[in-house]
Amino acid sequence: RHGNLPYPRRQILNLYAKRRIANAVAAFIPDGASVSIGIGTTPAQVAVALRAHTRLRVITNSLNVATALGGSPGIELTIAGGPLRPSDLDVVGSGAVSCFSAFKTDFAVFGVGGIDRDGTLLDFDVAEVATRLAMADHCRTSLLVADISKFGRPAIARGGRLGDADHLFIEGPIPADYLGGLQAGHPCVHVAESVETATRQPGEACS
């Protein structure tokens, strides 16, 4: 299967793992930072976890992220313009690429559709890939958020590699047969062992 699941189904799939990841990311991002946040259910959980932050500047192409953060007194929001995908309530492609390219954020938080065994990052169409790459290209520190189910999950559009990300937040150790996708200590792997904490995966260096 190369098509994505409907968004409402993905919202509840591995939800506890996504919340663990989200809270670890929120603990990693300081107050006063600028953050781009992409599409998908795990980045949306990151947005929920960031609501208590102050002096945060957020750029997003997801209405789910914007809804989670809207009204938070310490957060300034910028939303990408363009045709809205009604299934996922997000904007991808040229409008989102232009928006993310106009900023240089401290952090970019994004998910992927799948991660291949050779470390290739996969999504479900080329517009999603282009948008994700624009986020990664226009930030100081990139944070890939992915629960373990993304390893080996088939998706047809390719772009970027696991080793390109500065940090990977997951809820358990990377499967052993995917460790070859890491590149010279990249990404730094953070295992969210509980809702409150994350530890670095043993044996993986962080530069």
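**Figure 1. Packing of helix 5 against helix 6 in the predicted model.** The axes of helix 5 and helix 6 approach within 9 Å and cross at roughly 0 degrees. Angles under 35 degrees count as roughly parallel, and helix 5 and helix 6 are therefore roughly parallel to each other. Helix 5 contributes A96, V97, F100 and S101 to the contact, and helix 6 contributes A130, T131, A134 and M135. By residue class, the contact of helix 5 with helix 6 divides into six nonpolar, two polar and no charged residues.

**Figure 2. Salt bridge between R85 and D125.** The side chains of R85 and D125 meet at 3.3 Å, N to O. R85 lies in the loop between strand 3 (75-79) and helix 5 (94-101), whereas D125 belongs to the loop between strand 6 (120-123) and helix 6 (126-137), so the pair ties together parts that are 40 residues apart in sequence. R85 has a relative accessible area of 18% and is therefore buried, since buried means under 20%. D125, with a relative accessible area of 27%, is partly exposed.

**Figure 3. Salt bridge between R85 and E128.** The side chain of R85 also meets that of E128, with an N to O distance of 2.9 Å. Here the loop between strand 3 and helix 5, which holds R85, is joined to helix 6, which holds E128, so the pair ties together parts that are 43 residues apart in sequence. Both R85 and E128 are buried.

**Figure 4. The salt-bridge network that includes R85.** R85, D90, D125 and E128 are linked in a network of salt bridges. Among the pairs in this view are R85 with D125, at 3.3 Å, and R85 with E128, at 2.9 Å. A search of the whole structure finds seven salt bridges.

**Figure 5. Salt bridge between D106 and R140.** The side chains of D106 and R140 form a salt bridge with an N to O distance of 3.0 Å. This pair links distant parts of the chain: D106 is located in strand 4 (residues 105-110) and R140 in strand 7 (residues 139-145), 34 residues apart. D106 counts as partly exposed, at 25% relative accessibility. R140 has a relative accessibility of 51% and so counts as exposed, a class that begins over 50%.

Definitions and conventions. Residues numbered from 1 in each chain as written. Predicted model: local features only at pLDDT ≥ 70, side-chain atom pairs only at ≥ 80, totals over all residues. Heavy atoms only, no water. Salt bridge = Lys/Arg side-chain N within 4 Å of Asp/Glu carboxyl O. Helix = DSSP H or I, 4+ residues; strand = E, 2+ residues; numbered from the N terminus. Buried < 20%, exposed > 50% of the residue type's maximum accessible area, 1.4 Å probe, protein only. Axes fitted to C-alpha atoms, helices over the stretch in contact; angles between N-to-C directions. Parallel < 35°, antiparallel > 145°, perpendicular 65-115°, else oblique. Contact = heavy atoms within 4.5 Å. Nonpolar A, V, L, I, M, F, W, Y, C, P; charged D, E, K, R; others polar.
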